[in-house]
Amino acid sequence: MEAVAMFRAAAMVMLLALSFSACQGQLSPTFYAETCPDALSTIRTSVRSAIARERRMAASLIRLHFHDCFVQGCDASILLEDSPSITSERFVPQNNNSVRGFEVIDQAKSAVENVCPGVVSCADILAVAARDASEYVGGPLWTVNLGRRDSTTASPSLATRDLPRFTDGLQRLIDLFETKGLNERDMVALSGSHTIGQARCATFRGRIYSNDSDIDAGFAATRRRNCPATDGDGNLAPLDLVTPNSFDNNYFRNLLQRRGLLQSDQVLFSGGSSDSIVNEYSRNPSTFSSDFASAMVKMGDIEPLTGSAGIIRRICSRVN
């Protein structure tokens with residue numbers, strides 16, 4: 001009898017464990033197929049409309065997803081505004097006057113709430129918006145895994161620690177990405193998103209006035225025209241001078257010519273371990289495109305809240 005009882009107890013423990021695992025949930029491309037079948041098309045409409053109004057928004061939405069996933073995982077913590085219980089991540093050095101596109105996510109969320117209220121997370125909207133942004137400007141398309149839930153907390157301290165800075169060296173970048181489960185090739189591919197978008201003068205002033213050997217003199221002179229040595233912090237310059245509004249591999253070709261705008265760009269081709277990857281991507285746009293898509297999927301899977309963890313925020317900027 002004791003053996004039977006022990007067997008039944010063990011079976012019950014196993015059943016509970018399986019039930020718990022099922023409740024935790026897994027990300028899936030079809031997560032909303034039954035509960036909100038129009039979610040993806042609704043998000044897509046909002047994203048395409050926003051980028052049609054401002055081409056730069058494509059880069060901003062990709063970056064917003066990246067800066068979310070690197071802090072607490074892909075949980076939409078970056079969208080939370082300051083409140084009595086929340087200190088926002090928006091104002092850490094890597095985000096302040098830099099991350100943007102919040103209003104586009106808000107508009108997409110509002111549109112989705114009108115279709116199926118309380119179902120689709122802000123974290124998933126961020127992930128889908130990044131994919132749709134890439135496609136709109138000629139970049140790769142990938143299948144987005146869905147089922148993330150939203151955090152009830154934000155962490156400026158983790159954001160300060162875990163987000164890359166424009167002054168970071170190669171090893172620092174490699175280490176940061178490795179802590180998130182992304183290898184050096186993933187890091188270089190994701191850096192290629194700088195084929196679109198713009199940077200503020202304050203982030204590249206030191207590089208264009210340095211007279212270092214790792215920057216093309218003509219390129220530096222061109223960039224100095226709109227970035228004075230002591231003023232104009234907010235003046236913008238395209239990260240890719242050649243095709244700033246198209247997702248292609250010119251970013252890597254620029255690096256070969258020492259025309260990376262940010263220091264953290266040029267270190268990818270500076271005699272280090274990533275030189276060969278940059279060379280490969282500069283020659284093979286299809287390889288870059290494929291690797292970028294794969295890296296975006298991996299990044300989107302960083303520590304999601306699933307199952308009963310987290311919440312579905314009704315408004316992305318605040319906890320319900």
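In this predicted model, the side chain of S121 reaches the backbone nitrogen of D124 at 3.0 Å. S121 itself lies in the loop between helix 4 and helix 5, and these two helices are also among the elements that cover the buried residues of helix 2 and of helix 3.

- With a relative accessibility of 0%, S121 counts as buried, because buried means under 20%.
- Leaving aside residues up to four places away in sequence, S121 touches Y32, R148, R149, D150 and I312.

**Helix 2**
- The 15 residues of helix 2 should span 21 Å at 1.5 Å a residue, and the end C-alpha atoms are 22 Å apart, which agrees.
- Buried in helix 2 are A39, T42, I43, S46, V47, A50 and I51; they cover an arc of only 160° around the axis, and therefore lie on the same side of helix 2.
- An α-helix has 3.6 residues a turn, so residues three or four places apart point the same way.
- T45 and A52, by contrast, are exposed on the other side of helix 2.
- The cover over the buried residues of helix 2 includes helix 3, helix 4 and helix 5.

**Helix 3**
- Helix 3 runs over residues 57–69, and its 13 residues should span 18 Å at 1.5 Å a residue, which agrees with the 19 Å between its end C-alpha atoms.
- Helix 3 is mostly covered, since 12 of its 13 residues are buried, among them M57, L61, F66 and C69.
- What covers these buried residues includes helix 2 (39–53), helix 7 (170–178) and helix 14 (285–300).

Notes. Residues are numbered from 1 along each chain as its sequence is written. This is a predicted model: local features need pLDDT of at least 70, side-chain atom pairs count only at pLDDT 80 or more; totals for chains, interfaces and linings use all residues. Side-chain values use heavy atoms; hydrogens and water are left out. Helices (H or I, at least four residues) and strands (E, at least two) are DSSP runs, numbered from the N terminus. The expected span of a helix is 1.5 Å times one less than its number of residues. Buried means under 20% relative accessible area, exposed over 50%, partly exposed in between (1.4 Å probe, protein chains only). Contact means heavy atoms within 4.5 Å. The arc is that of the directions from the helix axis to the C-beta atoms. A polar contact is a pair of N or O atoms within 3.5 Å; within protein, one must be able to donate a hydrogen and the other to accept it, and residues adjacent in sequence count only if both atoms are side-chain atoms.
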